[in-house]
Amino acid sequence: MSAPLALVAYLTMLSAISFGGIPSVLPDLHDYVVATHGWISDRDFANCFAIVQAVPGPNMILMMSFIGWKIGGLPTAMASALATFGSPCAIAYAVFGWWDRFRDAPWQQAVRRGLMPVTIGLVVAGGFVMALASDTGWTAAAITLAAIGLLLGTRLNPFWIIGAGGVLGACGLL
Amino acid sequence: MSDAAAAQRPATHITLPALFVAFLKVSLAGFGGPIVWVRRIVVERLGWLDEQEFTDIVGLCQFLPGPNVVCITICVGAKFRGPAGALSALAGFILIPWTLGFAVGALYLEYAHLPALQGILRGVSAAAAGLLIATGLRLLLPHRRRPAALLFAALAFAGLAVAKLPLLLVVAVLVPLSVLAARQARPAAA
């Protein structure tokens, strides 16, 4: 299978199980495209992640598009976008309505309570792996830690936290 | 969606173009978490949903795979106009914002090798990684007194980030176990 086709197939599978959002696919995807196949570099992967933070809109879908773009140009970028939201959309459509009918069923309460911790672990893992991928020493780690503290400890708009990271980077601290 | 829901709510004014435009706005407003903007536009400004309906949809979407906002988009579109509504809302959310974002981002990527831009991208990437971690930790706070929840969150994290296991394996093993544990935890309700 060609690299673009393999990427799109893999993304379709990953997005269908991306509980907690697309960030939860980052560790696995990073392993697949950087370590296993070497299609793009660690740096490229981190760049795709960074760039989409600065544009509004569907940013994780865009990140997958840029990875696709690096691997197979514009057609792969578009196919990667489709692969990222296609299966989740189909699942959302299928489940919507049906879910409401069983809202008070004990099994649904258990599914809610059981899925939650797993999705949390997956999202934190996504952040952790991106912190490692973009790591350039203790200053990057300090920025990551500061961002965690600011989001948890203040009501600051995340946009400013991202911006501050960019400014510190522009000053040549990283 | 269901006939009953449609009968309760006169949704004739919620046309396909209106769905397209509403979610186009949500998508472009983007900064600071799009869910905030769905609320502001769909609930407060347009009055299409009341608080309870919105909370229900968000609650469902947090448990489904994929981007939460995309799921909300599909559910709101489907609620008022069925499959065509879901597609219109989705098209509004994706088409124009994706094209704009892709054009801008591709430009950045072309120059990503320049030292000045590299520094910025590294800083942004480090901060954004921190935000992801913090988002997860914040979600964990309400569950901090449930040992089983902490255990499964830790296992999911370790499986993916430390042991580097495939996502499919982590999900396929941990989700059933975690649901089972959550079921055991409240035998009275079962």
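Two residues are in contact if their C-beta atoms, placed from the backbone, lie within 7 Å. By that rule, 84 residues of chain B are in contact with 91 residues of chain A. This is a predicted model: local features need pLDDT of at least 70, side-chain atom pairs count only at pLDDT 80 or more, and totals for chains, interfaces and linings use all residues. Residues are numbered from 1 along each chain as its sequence is written, while chains are lettered from A and ligands numbered from 1 in the order in which they are written.

**Chain A**

- Chain A has 8 helices and 0 strands. Helices (H or I, at least four residues) and strands (E, at least two) are DSSP runs, numbered from the N terminus.
- The C-alpha trace of chain A spans about 55 × 45 × 25 Å along its principal axes.
- Mean pLDDT, the predictor's confidence in each residue from 0 to 100, is 91 for chain A. In this chain, 99% of residues reach 70 or more.
- Among the elements of chain A, helix α1 (residues 3-16) has the highest mean pLDDT, 97. Helix α5 (residues 98-101) of chain A has the lowest, 76.
- Of the 174 residues in chain A, 56% are buried. A residue is buried if 20 or more other C-beta atoms lie within 10 Å of its own, exposed if 12 or fewer, and partly exposed in between; C-beta atoms are placed from the backbone.
- Take the contacts in chain A between residues at least 6 apart in sequence: 59% join residues at least 24 apart.

**Chain B**

- Chain B has 8 helices and 0 strands. Its elements run α-α-α-α-α-α-α-α from the N terminus on.
- Buried residues account for 44% of the 190 in chain B.
- Among contacts in chain B between residues at least 6 apart in sequence, 45% join residues at least 24 apart.

**The side of chain B that touches chain A**

- The 84 residues of chain B that are in contact with chain A divide into 63 nonpolar, 17 polar and 4 charged. Ala, Val, Leu, Ile, Met, Phe, Trp, Tyr, Cys and Pro count as nonpolar, Asp, Glu, Lys and Arg as charged, and the others, Gly among them, as polar.
- Helices α2 (16-29), α4 (51-61), α5 (68-110), α6 (115-140), α7 and α8 of chain B each supply at least two residues of this side.
- α6(B) gives the most, with 23 residues.

**Residues with contacts across the chains**

- Phe85(A) lies in helix α4 of chain A. It counts as buried because it has 26 C-beta neighbours inside 10 Å.
- Residues up to four places away in sequence aside, Phe85(A) touches Ile61(A), Gly66(B), Pro67(B), Val70(B) and Ile94(B).
- Gly166(A) sits in helix α8 (residues 158-170) of chain A. It has 23 C-beta neighbours inside 10 Å, so it counts as buried.
- Beyond neighbours within four places in sequence, Gly166(A) is in contact with Ile120(B), Gly123(B) and Val124(B).
- Gly166(A) and Met116(A) are 50 residues apart in sequence, and their C-alpha atoms are 32 Å apart in space.

**Nonpolar core**

- A nonpolar core is a set of buried Ala, Val, Leu, Ile, Met, Phe, Trp, Tyr and Cys residues joined through C-beta atoms within 7 Å.
- The largest nonpolar core holds 115 residues. Ile74(B), Cys75(B) and Ala156(B) touch the most other members.
- Helix α4 (residues 59-95) of chain A gives the most to this core, with 18 residues.
- Cys75(B) touches Ala92(A), Phe96(A), Ile57(B), Leu60(B) and Cys61(B), not counting residues up to four places away in sequence.

**Helices α7 and α8 of chain B**

- The axes of α7(B) (residues 147-162) and α8(B) (residues 167-185) come within 10 Å and cross at roughly 175°. Axes are lines fitted to C-alpha atoms, for helices over the stretch in contact, and angles run from 0 to 180 degrees between N-to-C directions.
- The crossing makes α7(B) roughly antiparallel to α8(B), a label for angles over 145 degrees.
- Ala148(B), Phe152(B) and Leu155(B) are among the α7(B) residues of this contact. Those in α8(B) include Leu167(B), Val170(B) and Leu174(B).
- The residues of the contact divide into 10 nonpolar, 2 polar and no charged.
- Lys164(B) is in the loop between α7 and α8 of chain B. Its phi is near 55°, a positive value in a residue other than glycine.
- Lys164(B) counts as partly exposed because it has 14 C-beta neighbours inside 10 Å.

Key. Parallel < 35°, antiparallel > 145°, perpendicular 65-115°, else oblique.
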